[in-house]
Amino acid sequence: MTSAPLALAERTAGRPAGRARRLDPRTKAILVLASSLVVMAPGGTPFIPAAIVLGVLLALSEGAWARAVLLPLTSAAVAAAAYLLPMALPYPVIGFVAAFAAYLLRFAAVGGVALHLLRTTTPTELTAALRAARIPRAITTSAAVMLRFLPTIATEARAVRDAMRLRGVGGWAGMLRHPVLSIERFTVPLIASSLRVAEDLSAAALLRGLGSATRPTAMHPPRLGVADLAAVGLVAALVTATVLW
Amino acid sequence: MIHIEGVRWTYAGATTPSLDDLTLDVQRGETVVLCGPSGSGKSSALRLMNGLVPHFHEGRLDGSVHLDGRAVADLSLDQLGRLTGTVLQHPRRQFFTGRSETELAFAMENFGEPPEQIRERVAAGIDEHGLTGFAGRRLQDLSGGQQQQVACAAAATHRPPVLLFDEPTSNLSAAAIERFTATLARLRADRATVVIAEHRLHFLRGLADRVVVLRDGAVHRQWSGEQFSTLDDDALRAEGLRSSVPPPRPKPLRAQGLGPSIDHDTTSMTASGTGVTLHAVSCAFHGRRVLDIETAYLAAGVVTAITGPNGAGKSTLARILTGLQRHQGEILLDGRRFTRSQRQRAGSIVMQDVQRQLFTDTVEAELRLGASRDAGQEQRLQALLRDLDLDPVRDRHPLSLSGGQQQRLVVAAARLSGRRIVVFDEPSSGVDRRHLHSITRVMRDLAGEGAVVILITHDSELLTHTADQELRLRPISP
């Protein structure tokens, strides 16, 4: 599995080794799209195990060991709540919980595949790939900005929470006593600081030509490789196995 | 190269203009420094040069601006971006990609340059700007100084004729400032036109062709590079400017400390008296150890500066001291166990990004939130409002204030918090001479009342004036 892509990496001179071993962002996007279409569609339940296997393999390929273990475990727990719990405890309330768990299970299955895309794709790679797939610029630019900005909001939120704790306005006690005030004290600074970051980010990006009328190029134009072929083969095998079962 | 004539600019929603009859010419290949007190229009002048005013920021513009002979008003932002490279005050906010290589390529990719040429220029940029050592690491994991280097390289890779810097040294250590100075010297040698807005002036001696003092949005006075280097400190003080000579090597006492993270040998450990004691405190992120202190003692009643290069674990230590960061080891206050949640209740931080800690709807309410209620607090509050120039804005919404005013507001709130541990994380970035002194006074007062005052700073001027003790950290070698 490793020797072929490495050889490919050596042939494409000037590229850092390891880049060729990873999936093309287009392949990753198609995997997410395909697995959500199949799993979320009516009658998609039989495909859930296949999607989870795919998620685990992708996690292993990027070295995310924790996810590779947690994804099947979480899914198994949710699946137990969905299918075993109603058999053990036949109450109406449990039926409601089980229906919700069955719904959640589909999200977990697709989530594993989607996390791989989010964790291994940089905004520029994604735009380059989407562009190569002839997606209009309005969509590629906003997708890139969103991918860039989500982690920023998370960072800002953590910082605001820290500041609230030190000011003595955070914590569960305050939250229960003054829920609205607590939410206000969290969201106002969060929005203010996120906006300031967003302003700098968009000013810098616009000056550096993001969204300009020129057709952008890529330092390393995306190319489909052996890894992508392997991924397609794997998915075909998983689908066939599910159907034949 | 840059020709500004009779410009008056008012931001949408503001009542007074930020630039008022500004006229300024910058020649091709010239290096010009813009200085002046907070709110004098330095940042707005830079935005005028790269076209963010009026193409990005909204407001009312009169007068004319020409860049390379063309009217800025008639150019689009990406056309302006080909002519200018801009480095903002917080480089980490302007990064669009995750790594140095892609960040350097970003502008050229968007401008549609051929891939071959992009790879060539990016490789050259990484080499010239000294990024080789950390080119593979994630940008968010780099130290402030390294991020600054990447931002400079990214602004220059597409070879724009004009480069603009907004307070480039506000968060840099002395060593990082030296590297930045070398970058400037190289850009100058390449005949780039460079404009820098700065408060700290000492590193610009011998590099500036011209120093322009702005006041109330117009040119107040100008010096040539030679004239500037002969000015004495009194002349600068008269203009409210920071010193142009490097401050004398500060010599605060060494704080007691021992361990891989501590950069000085402490003689014997005689930790006694009140204050915070650390035992075997260490902290790691993703398996990488960032802080390891065998033992250290931070005395109450004095200002202890935590110094060291970017990436030595200064902010991590501050977060541990205020209970925000999980860690290994034990911390004592006045000899008794001091748990993480106790530290959260006893600690206060003035963060680097102060917008994150403004919670209420007026300046006065902000000062009363979470403040202790001892006798004399009311008087103290009124005195602080005057001292820190916040009296005229006491009823305004904190988020409507300027960056400098917000910073002073958070400093004032920390003063009134009545906490035992108060941390100031780079409180002087973007602060002019007068306010530097009032912030120093706040720290001294807190120490005078018996608090453990921690100052994290690279600003040697602030260090000289404020710190009694210094705990110098160093990055842990892997």
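Angles under 35 degrees count as roughly parallel, over 145 as roughly antiparallel, 65 to 115 as roughly perpendicular, and the rest as oblique. I kept that to hand for the helix pairs.

**Ground rules.** I am working from a predicted model, where local features need pLDDT of at least 70, side-chain atom pairs count only at pLDDT 80 or more, and totals for chains, interfaces and linings use all residues. Residues are numbered from 1 along each chain as its sequence is written, chains are lettered from A in the order in which they are written, and side-chain values use heavy atoms, without hydrogens or water.

**H7 and H8, chain B.** I looked up H7(B), residues 144-156, against H8(B), residues 174-189: the angle is about 15 degrees and the axes are 10 Å apart. Axes here are lines fitted to C-alpha atoms, for helices over the stretch in contact, with angles from 0 to 180 degrees between N-to-C directions. Helices are DSSP runs (H or I, at least four residues), numbered from the N terminus. H7(B) and H8(B) are therefore roughly parallel. Their crossing is right-handed (near helix turned clockwise from the far one by less than a right angle). For contacts (heavy atoms within 4.5 Å), I noted B:Gln148 and B:Cys152 among the H7(B) residues, and B:Phe180 and B:Leu187 among those of H8(B). By class, I get 5 nonpolar, 4 polar and 1 charged residues. Ala, Val, Leu, Ile, Met, Phe, Trp, Tyr, Cys and Pro count as nonpolar, Asp, Glu, Lys and Arg as charged, and the others, Gly among them, as polar.

**H5 and H6, chain B.** I then took H5(B), residues 100-110, and H6(B), residues 115-128, which pack at about 135 degrees with axes 9 Å apart. That makes H5(B) oblique to H6(B). The contact includes B:Leu104 and B:Met108 of H5(B), and B:Ile118 and B:Val122 of H6(B). I count 6 nonpolar, 2 polar and 3 charged residues there.

**H3 and H10, chain A.** I found the axes of H3(A), residues 48-62, and H10(A), residues 226-244, coming within 10 Å and crossing at roughly 155 degrees. The two are therefore roughly antiparallel. This contact has 7 nonpolar, 1 polar and no charged residues.

**Chain A against chain B.** I see 46 residues of chain A in contact with 54 of chain B. The chains bury about 4700 Å² between them, 60% of it on carbon and sulfur atoms (accessible area, 1.4 Å probe, lost on being put together, summed over both). A:Arg167, A:Arg208 and A:Met219 supply 20% of chain A's share, more than any other three residues. I also noted 5 salt bridges between the chains (side-chain nitrogen of Lys or Arg within 4 Å of a carboxyl oxygen of Asp or Glu). B:Arg93 forms a salt bridge with A:Asp200, closest N and O atoms 3.5 Å apart.

Conventions:
Buried area is the accessible area (1.4 Å probe) that two parts lose on being put together, summed over both.
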